[in-house]
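Q: I am new to this structure. Can you walk me through how to read it, one feature at a time?

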Amino acid sequence: MKIVFAIVSISLLLGAGVASNVATQDQADMQGKSGNQTSAAQKRGSDNGYQARFTDDGQLIRPVGWRKWVYIGTPLTPHDMNDGKAAFPEFHNVYIDPESFATFERTGEFPEGTQIAKELVLVGSKAAVSGKGYFMGDFNGLEVALKDSKRFKDEPGGWVYFSFGHKAEYEMTAKVMPTASCNACHQSSAATDFVFTQYYPVLREAMPQVMKQKQQGDMQSKAKMDDKAMKAAMGAMGEAMDANSDKKASYQEKVFKWLVAKKYSNFASDSTVHPSSSGPAVHGDVRTFYNKKLDESMKQGNDTHPVGSLAVKELHKDNVLIGWALAVKSKEDDGKGNGWWWYENLSVTDTKNPVAAGLGHTSCVGCHAPGRDFVRTLTLN
Ligand code: HEC
Ligand code: HEC
């Protein structure tokens, strides 16, 4: 076997052709490009054709044959559920290189050199003889995640992310994406070492039993933490909330009822509704309210606000209240926004589907990081 691997990899490096047990979908491109290829820095014990390869100027060369790697799942973010512009349109077919899959099955860990390809496929049709639904149309893009902590030692977890374009014809090479654009969200929200195993049933099943148990434990303790944060949030919202609320309601429902009842209306606030400075796309027209704790802390010019600080932002569209964004400091922060509990709901009637709810929510903290202890409105107007 070793000899076969060696031949495969040498033939790849020379660009002399692609051996038949490696995929052939890019054969023609590969041959044209071979002149400026160098082999991957990281060696994984054996050369097997699954190694990431880079150009001399450090760009990742599009992998070969990812459609023949191990298929792990297909998340779907259809345009029609994302205002016509899903960040990654629309089906995401995800594959892991077979060698790393084998290691993952054995150890529950992604080894150095792991490559995961996410190929985007547009929705083609929404009805078939089988019924209504989403059916795959054309290929529309390719992203790759690579774990290589030697070449990219400054990247959290050693994970780096590449995009070969969102279109039918993929680029041949791709530059590493900035940490904030990709890595950060994977770090904070993915279940297993920057990889979203929570959405890949194949990986969940493949994981060794001990890992499965550990992960369940982690999820439960995260839920408990959110629960604690909710209790603190309610404390900050005042006695009124507890007294009014239905004992059986979840904390989130209580927060929602508190908002609907406008219990914040006696807070310090902007005098009028005004356009959001982050542009109409994100928050539309807004009016911000601070509870006493936060208002005092802002007036004192503090860089860190006390636990119990609470900000509410009414969201308006065409002069109608359409929802709320809320941030409450429920414990000391770690500098990453994890001490704040974030909540946004774009409905004034539906409790069940908030856009965001959670400590250090990734949709919120990035944009709020430049604020004063995550608060963006420096002076109420
Ligand atoms: C706001 C969070 C977020 C950001 C930012 C983000 N991703 Fe992801 N990524 C996800 C989620 C969630 C999944 C799994 C579900 C899916 O595909 O929708 C995923 C999956 C992936 C996968 C499949 C492997 C895995 O780790 O699960 C790749 C490859 C990937 N993303 C590449 C990128 C690239 C490239 C960028 C930057 C251009 C990026 N991602 C930015 C949330 C994010
Ligand atoms: C694109 C950047 C951006 C994102 C993403 C964002 N915000 Fe904001 N947010 C702002 C800006 C800018 C302000 C200041 C008021 C304004 O101009 O809208 C603000 C204000 C707020 C306020 C009033 C207190 C303050 O900091 O000024 C709250 C509460 C809030 N946002 C909550 C959220 C929540 C919850 C999320 C995530 C679901 C979120 N924001 C995501 C940019 C953003």
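A: Start with residue classes. Ala, Val, Leu, Ile, Met, Phe, Trp, Tyr, Cys and Pro count as nonpolar, Asp, Glu, Lys and Arg as charged, and the others, Gly among them, as polar. Keep in mind that this is a predicted model.

Q: Which classes make up the shell around ligand 2?

A: The shell around ligand 2 has 13 nonpolar, 10 polar and 3 charged residues. In all, 26 residues surround ligand 2. The closest are S276, A325, C364, C367 and T377.

Q: Which elements give two or more residues to the shell around ligand 2?

A: They are α9 (280-283), β12 (285-290), β13 (310-317), β14 (320-329), β15 (340-345) and α11 (362-368). The largest share comes from α11, with 4 residues.

Q: How many residues surround ligand 1, and which are the closest?

A: Ligand 1 has 24 residues around it. P75, Y161, C182, C185 and F196 are the closest. Elements giving two or more residues to this shell are β5 (91-96), β6 (115-128), β7, β8 and α4 (183-189). By class, the shell around ligand 1 has 16 nonpolar, 6 polar and 2 charged residues.

Q: Now strands. What pairs with β15?

A: Look for bridges along each side. β14 and β15 pair in the antiparallel sense over 6 bridges. β15 also pairs with β16 (residues 356-359), again antiparallel, over 4 bridges. Follow W342 in β15: its bridge partner is A327, and W342 also stands opposite G358 in β16.

Q: How many residues of β15 are buried?

A: The count is 5 of its 6 residues, so β15 is mostly covered; a residue is buried if 20 or more other C-beta atoms lie within 10 Å of its own.

Q: Where do side chains point in a strand?

A: In a regular strand, side chains alternate between the two faces of the sheet.

Q: What is the strand order in the open sheet of 5 strands?

A: The order is β4-β5-β6-β7-β8, with antiparallel pairing. The edge strands are β4 (70-73) and β8 (159-163), and each pairs on one side only. From one strand to the next, the twist averages 35°. At the β8 end, β7 (residues 131-147) and β8 pair in the antiparallel sense over 5 bridges. There, K147 stands opposite W159 in β8.

Q: Which residues have the most contacts inside the largest nonpolar core?

A: They are A233, A311, L326, V328 and W341, in a core of 34 residues. Take A233. Not counting residues up to four places away in sequence, A233 touches V255, V328, S330 and W341. Apart from this core lies another, of 33 residues, among them F104, I116, L142 and F152.

Q: Why does Q198 count as partly exposed?

A: Q198 has 14 C-beta neighbours inside 10 Å, so it counts as partly exposed. The cut-offs are 20 or more for buried and 12 or fewer for exposed. Q198 is placed in the loop between α4 and α5 (201-206). Its C-alpha atom is separated from that of Q215 by 9.8 Å. Along the chain, Q198 and Q215 are 17 residues apart.

Q: And the whole chain: how many helices and strands does it have?

A: The protein chain has 11 helices and 16 strands. Of its 381 residues, 33% are buried. Take the contacts with a separation of 6 or more: residues 24 or more positions apart account for 51% of them.

Methods:
Residues are numbered from 1 along each chain as its sequence is written. Chains are lettered from A and ligands numbered from 1 in the order in which they are written. This is a predicted model: local features need pLDDT of at least 70, side-chain atom pairs count only at pLDDT 80 or more; totals for chains, interfaces and linings use all residues. A residue is near a molecule or strand if its C-beta atom, placed from the backbone, lies within 6 Å of it. Two strands pair if DSSP finds at least two bridges between them. Axes are lines fitted to C-alpha atoms, for helices over the stretch in contact, and angles run from 0 to 180 degrees between N-to-C directions. A nonpolar core is a set of buried Ala, Val, Leu, Ile, Met, Phe, Trp, Tyr and Cys residues joined through C-beta atoms within 7 Å. Two residues are in contact if their C-beta atoms, placed from the backbone, lie within 7 Å.
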